[in-house]
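Here is a briefing on a structure. It covers the chain interface, helix packing and some backbone details.

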Amino acid sequence: MVLFAPILDMVDSPEFFIEVIIGGLVAGVMYSLVALGFVLIFKASSVFNFSQGVLALFAALTLVGLMDGTVPILLIDSGFPLPAWAAIIVTGLVMVGLAFLIERIVLRPLVNQDPIILFMSTIGLAFVLEGFGDILWGSEVKALDVGIPTGNFLIGEIQLQVFDMWAAGIAAFMVLVLAVFFQKTRLGRALRAVADDHQAALSVGIPLRNIWIVVWAVAGFVALVAGIMWGSSSGVQFSLSLIALKALPVLILGGFTSVPGAIVGGLIIGVGEKVAEVYWGPMVNGAIENWFAYVLALVFLLFRPQGLFGDKIIERV
Amino acid sequence: MTLKKLTFGLGAAAMMASVTAVDVAVAADQLFIPGLVYRTGAYAPNGVPFANGFKDYITLINERDGGVNGVKLVYEECETGYNTKVGVECYEKMKSKNPVVVIPNSTGITYQLIPKTAVDKIPLLTIGYGRTSAAVGSVFPWVFNYPATYWSQATAVIRYIGNQAGGMDKLKGQKIAHIYHNSAYGKEANPTLKVLAKKYGFKLTLLAVDHPGQEQKATWLQIRRKKPNWIFMSGWGVMNQVAIKEAAANNFPMDHFIGNWWSGSENDVVPAGMGANGYKSATFHPAGSDTKMHADMRKHVYAKGLGAGKESRIGEVLYLRGMINHALVVEAISRAQKKYSVKVPNGDQMRWSFENLTMKDADWKRLGLTGFPNIDVTCNDHEGAKGVLFQQWDAKNKKWNSVSDWVPVMRDIVRPMMEADAAKYAKENNITPRNCS
């Protein structure tokens, strides 16, 4: 009976329940932003990119460093801080350059190796990038303000935060752009072909190496957006790389190969964990949302092992 | 042998040589202090200024004074990443060098080292953190946690809130929420707060935030619903910054939001910008960089290019705490040298010194610090808590201002709790408490 008391509570205070749901959706959008980067790379290369969270950190560090006018490595003020829009463009270019280097140094020597080898290489990449970011930009907390409005407003009894609404809007726009990119552009179709079968894609003349550069660059751009949103809400610091942990249950639930799956998965995980934490958490001293997200994802796995939107793999003997 | 293999072999040999070179040699006539620090990982932003304070103070003593009474200090850092297991490995690696003290720099590591240091006879100094009941010297002779513990701090926070509300009797019916890091550290204040809630009749809400605390929507939804009059926070790292930003976004009155002393550094408030204006925190020392110790640091360390970090950051709270730690260690070494007429005191001699380390205004002044709390420890009281100070963030001028006198801790409440907990520990670990009467 005690377990059902929260349900009565939801019915008694519907406004608060709606606020919890909205809070969950907003948190879910933020998780989706991170999960998208994983999906893009997995979709195009079947590599689970362990370094996606660190990519977001590296992008945010670079952005805030440029905006502050910090000289890399020396960590002194150059006297030339860039405006936010210019810093975002330069950081985007840095992420493209990084994608080129990753393809050249990490991925190219490992073509045709097992996916687990590529996965291990991304673990190494995560540590290298984290250390490199520390050397370049230092490890102190940096405030990031790219001009996203803050504050809150009320709709009836329900309080909403302006920043959260922006996050949701930006995520929706990104999904739209990525959907168009994958479905309607020649490059997007090439990416999907590589994802389906490397050998077959190569045989019809799709340059695998270029495709990998493109997909890592796109994932780097997604990481930049995730880094901006998370960095704006918590400051840019090394714990930012841990946001990857928030994306894992989203990927399990949504599937590793689906852009819509990353979004829907994020929303389900966000809402599920917030409802669990707010209503059932107090019964067990709280802090259940982190592990509850995995429980939720695993329950879905029981019914759809490939995730909600993942591709079902059929292998013939 | 191919060229490739030869290159690989040479590379591996060079790496091994470099690892050996990092290991600092300690001569018999030198004083060794290990530094369990975290300059990497999720908590690095807080770990770095602390580590810089540690290192710079050692450099200051060696450069300005030529060591402690002429005996050079040798300092070696070991990176823990704020990871308990790695911290214990660091301890095991460095204990053979006869350290005069071990500063674990983490409550989790402290819990693991308490039984080990008692066997190895190395004093364990945990200033403002660690196991609260280790203040009972009869059970924990090797642990020192002055100038105040988490439990004492919690009583001072409630007294401060009571004072702000117009008297302790006004606490009845008030709602106070404790937002805490879901770890051994974050939970330390909870038992005390529960006792105080019962005694003073306020409604206590406990809200845990999981590591690292980057996302706190659920916590702040509950704050919105419970509408506490006051929030007390025991956070660390990014958890603090997010909480302060969330409080500002939810229009919570910042002067009713009080962090503990690990939630009151510049790192915690600067990312929130003007939103953090008015936020308060407990502290066990005044903030600021206008001290003689800072002036000496600039002259003898930074002017010579020997500083571990940026000179512009030596006024920060966490840097100052790193310095205070080693200032007390150096003071204890000096007194042990005099008492036993030795150059390098052993563990027993250092333990005596820490247990008799009274610090009055004149002693602090001699070290170059003013306004610091008197420390007066005894055989059975390794905390010697007197009071806690409160500071408030001025976001415009980016500085902490003291907003209280020393608020007395409720020793009558926490001391029996400490003794009960220590007695339980002694029973579980077959320890016969020594006689301190």
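Between chain A and chain B there are 6 salt bridges (a side-chain nitrogen of Lys or Arg within 4 Å of a carboxyl oxygen of Asp or Glu). The model is predicted: local features need pLDDT of at least 70, side-chain atom pairs count only at pLDDT 80 or more, and totals for chains, interfaces and linings use all residues. Residues are numbered from 1 along each chain as its sequence is written, chains are lettered from A and ligands numbered from 1 in the order in which they are written, and side-chain values use heavy atoms, with hydrogens and water left out.

**Interface of chains A and B**

- In chain A, 43 residues are in contact with 33 residues of chain B (contact means heavy atoms within 4.5 Å).
- The two chains bury about 3,100 Å² between them, and carbon and sulfur atoms give 50% of that. Buried area is the accessible area (1.4 Å probe) that two parts lose on being put together, summed over both.
- One salt bridge pairs the side chains of D164(A) and K217(B), at 3.3 Å from N to O.

**Salt bridges elsewhere**

- Over all chains, the whole structure holds 35 salt bridges.
- K292(B) and D296(B) form one through their side chains, at 3.0 Å from N to O.
- These two residues are 4 residues apart in helix α11 (residues 292-302) of chain B, so about one helical turn separates K292(B) from D296(B). Helices (H or I, at least four residues) and strands (E, at least two) are DSSP runs, numbered from the N terminus.

**Helix packing in chain A: α3 and α9**

- Helix α3 (residues 52-68) of chain A packs on helix α9 (residues 208-234) of chain A at about 65°, with axes 7 Å apart. Axes are lines fitted to C-alpha atoms, for helices over the stretch in contact, and angles run from 0 to 180 degrees between N-to-C directions.
- That angle makes α3(A) roughly perpendicular to α9(A). Angles under 35 degrees count as roughly parallel, over 145 as roughly antiparallel, 65 to 115 as roughly perpendicular and the rest as oblique.
- α3(A) and α9(A) cross in a right-handed sense (the near helix is turned clockwise from the far one by less than a right angle; anticlockwise is left-handed).
- Among the α3(A) residues that meet α9(A) are L55(A), A59(A) and L63(A); the α9(A) side includes W216(A), L224(A) and I228(A).
- This contact of α3(A) with α9(A) has 10 nonpolar, 2 polar and no charged residues. Ala, Val, Leu, Ile, Met, Phe, Trp, Tyr, Cys and Pro count as nonpolar, Asp, Glu, Lys and Arg as charged, and the others, Gly among them, as polar.

**Helix packing in chain A: α2 and α11**

- The axes of helix α2 (residues 14-45) and helix α11 (residues 259-280), both of chain A, come within 6 Å and cross at roughly 140°.
- α2(A) is therefore oblique to α11(A).
- Their contact divides into 20 nonpolar, 6 polar and 2 charged residues.

**Backbone details in chain B**

- Most residues other than glycine have a negative phi, and most peptide bonds are trans.
- Y146(B) and P147(B) are joined by a cis peptide bond, with omega about 10°. P147(B) sits in the loop between β4 (143-144) and α5 (150-165) of chain B.
- H211(B) to P212(B) is also a cis peptide bond, with omega near -5°.
- K121(B) is not a glycine, yet has a positive phi of about 60°.
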